[in-house]
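Student: I would like a close look at a single part of this model, with the cut-offs stated as we go.

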Amino acid sequence: MTWDDVVKLALALPGATRGTSYGRDAVLVRGKMFVVIGKEPDHFVLRAGLDEVEMLIATDPACFFQTPHYVGWPAVLARLATADPERMAVLVERAWAGHASVGQRKARGL
């Protein structure tokens with residue numbers, strides 16, 4: 001995948017807008033980031049619950065990882081080169097849903 005692929009998935013969700021987070025390209029909903037390009041262009045940051053972060057890293061360490069900065073935070077880093085597009089579509093939608101309004105989730109059928 002590429003960062004543009006991730007952005008396309010994210011912007012297809014109700015209320016998602018392109019913006020920045022800490023000066024980096026991001027997609028937000030209701031002003032809150034749910035995906036942002038990493039400090040290096042080979043990965044991105046995805047919002048995820050703490051339990052989900054552990055599960056993702058344990059089940060697919062070739063794709064998912066954390067740096068010390070993110071340990072304990074509801075976010076996981078994903079390597080673009082090894083990201084599965086179908087799985088990312090589900091995870092991006094889940095990250096979006098965590099910040100979306102009830103109306104936005106309803107518009108998505110959730």
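Student: Where is the place of Cys63? Please take that residue as the starting point and go on to its surroundings.

Tutor: Cys63 is in the loop between helix H2 and strand S5 (64–65), where helices (H or I, at least four residues) and strands (E, at least two) are DSSP runs numbered from the N terminus. The model is predicted, so that local features need pLDDT of at least 70 and side-chain atom pairs count only at pLDDT 80 or more, while totals for chains, interfaces and linings use all residues. Residues are numbered from 1 along each chain as its sequence is written, and side-chain values use heavy atoms, with hydrogens and water left out.

Cys63 counts as buried because its relative accessibility is 0%; buried means under 20% relative accessible area, exposed over 50%, and partly exposed in between, with a 1.4 Å probe and protein chains only. Leaving aside residues up to four places away in sequence, Cys63 touches Leu77, Ala78, Arg79, Thr82, Ala83 and Met88, a contact being heavy atoms within 4.5 Å. With Arg79 the separation is 16 residues in sequence and 4.9 Å in space, C-alpha to C-alpha.

Met88, one of the residues that Cys63 touches, is also among the buried residues of H3, together with Leu91, Val92, Glu93, Ala95, Trp96 and Ala97. At 1.5 Å a residue, the 13 residues of H3 (residues 85–97) should span 18 Å, and the end C-alpha atoms are 18 Å apart, which agrees; the expected span is 1.5 Å times one less than the number of residues.

Three bridges join S3 to S4 (residues 43–47) in an antiparallel arrangement, strands being paired if DSSP finds at least two bridges between them, and Ile37 stands opposite Phe44 in S4.
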